[in-house]
Every structure is written in C-alpha cells, then in structure tokens.
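Trainee: I'm new to this one, could you walk me through it?
Mentor: Gladly, have a look at it and then ask away.

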Amino acid sequence: MKVVRQMVPLLAAIIILLLLFRIWVPTFLAPENMLDLTQQISVNTILALGMTLVILIGGIDLSVGAMVALVGTTTVYCLSAISGDTQNGFYLLISILAGLGVAALFGIFHGIAAAKTAMPPFIITLASMLIARGCALRFNSGLPISIGDQQTILLEIGNGRLFGVVPFPVVIMLTLFVLMALLLHRTRFGQHIYALGGNREAALYTGIPVVRVEVMVYLICSVLAGVAGLIHTSQLYSAEPASGEMFELTAIAAVVVGGTSFTGGRGTIFGTLIGAIIIGILDKGLNQAGIHYSLQYIVKGAVILIAVYIDVRRNRQAV
C-alpha cells in the first residue's frame, strides 16, 4: 500500500501534464502522437532501468550516455568490416555481441572498482565516460558511420513496428521492464540489492556476497546501456560517436522522479517507468509547444530539484 501511495502523485502528474499539453498542442493526445511518445522514451527508459539498480545500491553510473555511442560505433564498424555490402544474420549477431561485449567489460570494471577500491562510483564512471567517449571517437576519425540500406534487420530494431503498429523499441522496452521488475522484486538477487543499498555493513555481516552483487548490478546497467545504444543507432540510421551526450542525466532524472532514493535502498522499477514517462512527456510537450530548448533545460532541472527535495524530506520523516 505504501508503494501505491507513492505512485498516486506520479500518476496524477502524468494526467495533469497530458491535459496541460493537450490545451497547448491540440493534437498532443492523438494516438499516433502518443505512439511516437512511447517510442521516444524507450531509449531513456532502458537506460533508467539499469540506473535504478545502481542507485538502489547507493552508486551512480555516469558512463551510460557514452556507452550508447561506443556500442553503436563498435557494432556498425564490425558489421561494415565483416559483412561489407551484404546482409548476413550471423555477422550481425557477431557485431551486436561485440558491441554488447564492450559494454559488459566496462560494467565489470565499474563493479570491481566500486566494490574493491575506495574510489567513489561517481569518479570511476566519470573517468569511464571519458574513456568510452574517446574510444567511440576513434572510429572513423570521429565521423558518423552510416548503416547500409541492405542492413534491414538492424534498421528494423529502431524503426520497425510489430504487426505494423507497435514500434519495436517499445516492445523491447516493455520486455526489459518486465524482466527487470521480476529480477528486482521477485528474486533473492533483488533482495540483496535492497539490503546492500539499505545498509552495506549489515549486508556484509548477513553473508550477502556484496562484491558479486555490486559487479552484477553495474554489469546489467552497462549491458542495458548497450541495448539502448543499438536502438538509438538504428533510429539514427548511422553510428554517431558524439551521440548519447546528457543521456546519463536524463536517465538519472527519470529514476529520481520515479521515487528511487539517491541514498539507496528504496525505489521500484515501476516508479522508474513512471518517471521516464513524465520526463518524456515534458520533452515532447515542450518541443511541440515551441518552447526554446534553453527553457526546457531549466524546466527539467527544476523537476529534478523538486524530486530530490521530496526524497530528502521523505528520508527525514523516515528517521
């Protein structure tokens, strides 16, 4: 019941925002516009799902935006190198695995460094963000790498529609949402995440494999960033080494707005989904209303501040 009570204001915020932008933009609630909205939030939601786990254990991952670019460039570069001008499912699979493999290596490094050293995750992932961005820029001299028209499978990932109606990015997002919800709320691993974020010392004394849990959390976060990178690259029809900038902040915003505590130990996957929807509505609504992008940054910053303020007040009341 407590979780439901926390979600009610967020759901009310979604309804208010939809009605507000409907007044501002007459076609805002049109079915095709709503479908487009769900497609637009898919990348950020997938990033936010992984970020939720990291924040729940009291960490942070600032590298996810750069990972979006690195996985995209790695995948398309490998595909172009081995497949040439033809489409081959096996080569595509190898290329995707190469991209996700790079993300997995970064995630494992983040987890080991955070669990085994005294370096704060903020610094570890900030450094990784720069390294990943630099690696992405090494491909093709920092220039975009186009996806050939013959690579229809890769292009379908970000632009195709299931039964001609539901965008594939939305299908992938909802599938990952269900999997992550089950992982966090229905498994022992999920319980360990909450225990680790709630009290690290207590988690150690109760026999929870803290290092393994932490490594797994960062690994999952990076791989999900890789999946988001594949979708984003497909949507752009090319691998853009400079893409994904500020994505990490938007993902963090979705997690915090969704009610996950920055101090760890409290939050839900469903809340993150709601938070991503709110951020997505703000983005699309302000864009379609013709609001200058500078004001959009101000509005989103204000929303994050309000969400963190509410979280701080909630923590004080809990104490």
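Predicted model: local features only at pLDDT ≥ 70, side-chain atom pairs only at ≥ 80, totals over all residues.

Trainee: Which helix does H3 pack with, and at what angle?
Mentor: Helix H3 (residues 64–83) packs with helix H5 (residues 121–138) at an angle of about 30°, their axes being 8 Å apart. Helices here are DSSP runs of H or I with at least four residues, numbered from the N terminus, and axes are lines fitted to C-alpha atoms over the stretch in contact, with angles running from 0 to 180 degrees between N-to-C directions.

Trainee: So how are H3 and H5 oriented to each other?
Mentor: H3 and H5 are roughly parallel, a label for angles under 35 degrees.

Trainee: Which residues make that contact?
Mentor: With contact meaning heavy atoms within 4.5 Å, H3 brings Gly65, Ala66, Met67, Ala69, Leu70 and Thr73, and H5 brings Met129, Ala132, Arg133, Cys135 and Ala136.

Trainee: Switching topic, how many residues of H11 are buried?
Mentor: Nine of the 11 residues in helix H11 (residues 247–257) are buried, where buried means under 20% relative accessible area, exposed over 50%, and partly exposed in between, using a 1.4 Å probe and protein chains only. Among the buried ones are Glu248, Thr250 and Val257.

Trainee: And what follows H11?
Mentor: Glycine 259 follows H11, and its phi is positive, near 100°.

Trainee: What about threonine 52, buried or exposed?
Mentor: Threonine 52 is buried, at 0% relative accessibility, and it is found in helix H2. Apart from neighbours within four places in sequence, threonine 52 is in contact with Val255, Thr260, Thr268, Ile269 and Thr272.

Trainee: Where is leucine 35?
Mentor: Leucine 35 is in helix H2 (residues 31–56), and leucine 35 is partly exposed, with a relative accessible area of 22%. Once neighbours within four places in sequence are set aside, leucine 35 is in contact with Arg161, Val165 and Pro167.

Technical notes
Residues numbered from 1 in each chain as written. Heavy atoms only, no water. Helix = DSSP H or I, 4+ residues; strand = E, 2+ residues; numbered from the N terminus. Parallel < 35°, antiparallel > 145°, perpendicular 65-115°, else oblique.
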